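Dear colleague,

Please find below the structure that I am handing over to you. My findings follow it, arranged by topic.

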Amino acid sequence: MPLTYIDIEKQKTWRIGIFFLILLFMYFCVTFALLQGIGMFVFPFVFMKTGGIPLSGKPLYLLAIFGSALFMAAIHFWFSASDAVHVVMKSLGATVPDREDGIHKRLLNILDEIHVVTGNRRIIQCMVIPSLSMNAIAVADLKGNAAIGITEGLLSRLSRDQTEAVLAHETYHILSGDCMETTVATSLFGIYAAMIENLRNLGDEDRHGLHPAFFLFWLLLKLSQLLSMFISREREYRADAAAVRMTRNPLSLAEALHMISRNWRGSSLIGSGLEMLCIMNLKDDASDESGGFWSDLMSTHPPAGKRIDILLRMARKSIGDLEKQAEKTPAVSPGAPGQRFFVLNQEKKWAGPFSAAELASLPWFSPRSWIIRESGKDVRRAAEDTAAQAIFTEISGQSSGIISKYHCPLCKQSLIGQPYEKTRVYACRYCGGVLVDSVKIPRIIARREQECTERIASLAKAVINDNQRKLSLKRLKGAGNVSTPLLSCPQCHNPMMRTFYSLAYLIEIDRCGYCGLTWFDTDELEMLQCLIENRIMAALDFSQP
Amino acid sequence: MVGWILFALFVLFLFWMIYIYNSLVALTNDVKNAFTQIDVQLKRRHDLIPNLVSVVKGYMEYERDTLERVTSARTKALSAAGIHARAVAENMLTHALNGLFAVIENYPVLKSSENVLNLQEELASTENKIAFSRQLYNDLVANLATKRESFPNTIIAALFSFKKAEYFTAEETDRSLPPVDSGRQSG
């Protein structure tokens, strides 16, 4: 008899309650042991004489410990968690959805529907993370803000029903307070872990060696971490059940989870501290799927197979049906393994390491960004690094549209605003070139509505082989022929950089470093999409010049 | 001594009664609110339809009767009175709209037009919201019924006459969906 979603929700809630009490008890023990340790350090003479700490054992002392632990935790927690939504979203580079983009507008509509079905209990924002990986994250903070972040890769590949199921799952995490609890747990563990590290460092210098109390509260800390992970797994099942209750559609959630589990989930983009807030764990290794006792203990999420199995039983379908459907769509991978880079972001902080594909999806990345290769030490501009140059693509529109204020850099005629892959681009009627906003490039690459025709495919192959040959010659012989004069940006009229989209995909583009617009000549955008979709590459030489 | 205990018990009993009464009040109001929310979504659908009709009218010269059906169904839905009559009118409107969308499939220019796509998306979203608001209403009615009918609460509910709320059910005609009439077989 398949378990209905209501039963699953009730069962998991009850277990979560019990385990949370145990967790609370453990927090107290850890604090107690920690303060014993501090007491030992602060009152070494008393300890060595009597083997105990002054005042320990008196109930007032215990109460004082509890009170001060709570106080410290509250302060730390307040500072770290009060604005967590803003901080987390900013660190992921998430942006507000674009109302003019067809798929983003659909996302906003779906979020409205979720608000209707939950009775508007809490206003939740949604943000889009410009990464080609597939994952969704939910954050809530003390100020009352709540947000769901969803990656472009996921947004562009899910159908309407599947997006709704994913959003319902994340919404339940927020509404049931899971996100708040997770933020609490993370901040509290942060204090203890930091203090233990400091004490351990001091303890090592002590002539008496490591005191058993250090071991004790290290053990307690590990146990409470394990318990917290257990709670987190039960929560995931409960959120799955709640998503089914909201949408009454277990099949679409199963399909969405299946799709996410087959693909890259952003392991290098989303920090490990945020892992508990995502819909599926970030690591790709197979141990999570085995579902054995040990792997079950050490993972923040239940095995995807088990989750999908429960949902499919509700929908009366088998996993074989899903597999057959999934074979039709290609998988997303983090990109060719190899060169990874650290890049200086807009806050002048080093971010990374990113692979070439991930660099491509960062909206602020430009040829003038400073980067360091993972294996190297020199800091240089992305423009000067041969392996980092290529990640800008643009999208062009088709058929009739609105006349925009931009003019074609080649023909000097007005550009027409057109829809392409459900987003807006500006095309020239005369030469067929396209002007695209650089932030829209990741989503255009992720979307697959545009067919890759024979003509485009063969043209693309010819172009990149030709460009590869020219590039190799240029490297061997040094800077040679004079190229045509640089185009000027249609918006700010500064000269645009002419560069390849990437060394893997040698399509020439012009990009304006000031206003983030990219210009593609005729067919270049389709060629680029075709190349990336089909992973066609010219024979490349990555050795240092 | 016994007097004090009895007094304490009586006070506890009073508090419990107040608590149950208040939660019944809250649930009843939730149900009323959810019922009006359905109307909000229905009205939004009424407002979107004239836009859609005006956009497609220019292209669909031979489909006048389909458009007529949609417009008249909308007028009937706006003017219907009473819950039952309104539910029937809204169903007719849904059928008429489905017919219109089926016909639009035959016009490739319309099918890829940005305006029509946006309107279709908005209408689909509104249909979903109507369904979700009905679902929420039914869930809240169930909550209220459970609270009213559980054992100690039945006393209070009867005492203060909290009324039962009606579920939103599908019409008998809905359960066996009629085939969508697309007017034309091929474009």
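A residue is called buried here if 20 or more other C-beta atoms lie within 10 Å of its own. Please also bear in mind that this is a predicted model.

With that cut-off, strand S9 of chain A, residues 414–420, is mostly covered, since six of its seven residues are buried. Its pairing partner is strand S10 of chain A, residues 423–428; six bridges join the two strands, which run antiparallel. Within this pair, Ile416(A) has Ala427(A) in S10(A) as its bridge partner. S9(A) and S10(A) form a hairpin with two residues between them.

Glu421(A) is placed in the loop between S9 and S10 of chain A, and its phi is near 50°, a positive value in a residue other than glycine. Is Glu421(A) buried or exposed? Glu421(A) has 23 C-beta neighbours inside 10 Å and therefore counts as buried.

A second residue of chain A may be set beside this one. Asp523(A), also not a glycine, has a positive phi near 70°. Asp523(A) lies in the loop between strand S14 (517–520) and helix H18 (524–534) of chain A. Because 19 other C-beta atoms lie within 10 Å of Asp523(A), this residue is partly exposed.

As for chain A overall, its secondary structure comes to 18 helices and 14 strands. Chain A has 545 residues, of which 44% count as buried. Among the contacts in chain A with a separation of 6 or more, 66% are between residues 24 or more positions apart.

I turn next to the nonpolar cores. The largest has 72 residues, and Val139(A), Ala147(A) and Ala243(A) are those with the most contacts inside it. Apart from it lies another core, of 40 residues, which includes Ile416(A), Val425(A), Met497(A) and Ile532(A).

S1(A) and strand S3 of chain A, residues 146–151, run parallel and are joined by five bridges. In this pair, Met127(A) stands opposite Gly149(A) in S3(A).

Ten residues of chain A are in contact with eleven residues of chain B. On the side of chain A that touches chain B, helix H5 (residues 102–117) of chain A gives the most, with eight residues. By class, this side of chain A has three nonpolar, three polar and four charged residues.

In chain B itself, I would draw your attention to helix H6, residues 151–159, which is hardly covered: the count of buried residues among its nine residues is zero. H6(B) is followed by Ser161(B), which has a positive phi near 45°.

With kind regards

How values were computed: Residues are numbered from 1 along each chain as its sequence is written. Chains are lettered from A and ligands numbered from 1 in the order in which they are written. This is a predicted model: local features need pLDDT of at least 70, side-chain atom pairs count only at pLDDT 80 or more; totals for chains, interfaces and linings use all residues. A nonpolar core is a set of buried Ala, Val, Leu, Ile, Met, Phe, Trp, Tyr and Cys residues joined through C-beta atoms within 7 Å. A residue is buried if 20 or more other C-beta atoms lie within 10 Å of its own, exposed if 12 or fewer, and partly exposed in between; C-beta atoms are placed from the backbone. Helices (H or I, at least four residues) and strands (E, at least two) are DSSP runs, numbered from the N terminus. Two strands pair if DSSP finds at least two bridges between them. Two residues are in contact if their C-beta atoms, placed from the backbone, lie within 7 Å. Ala, Val, Leu, Ile, Met, Phe, Trp, Tyr, Cys and Pro count as nonpolar, Asp, Glu, Lys and Arg as charged, and the others, Gly among them, as polar.
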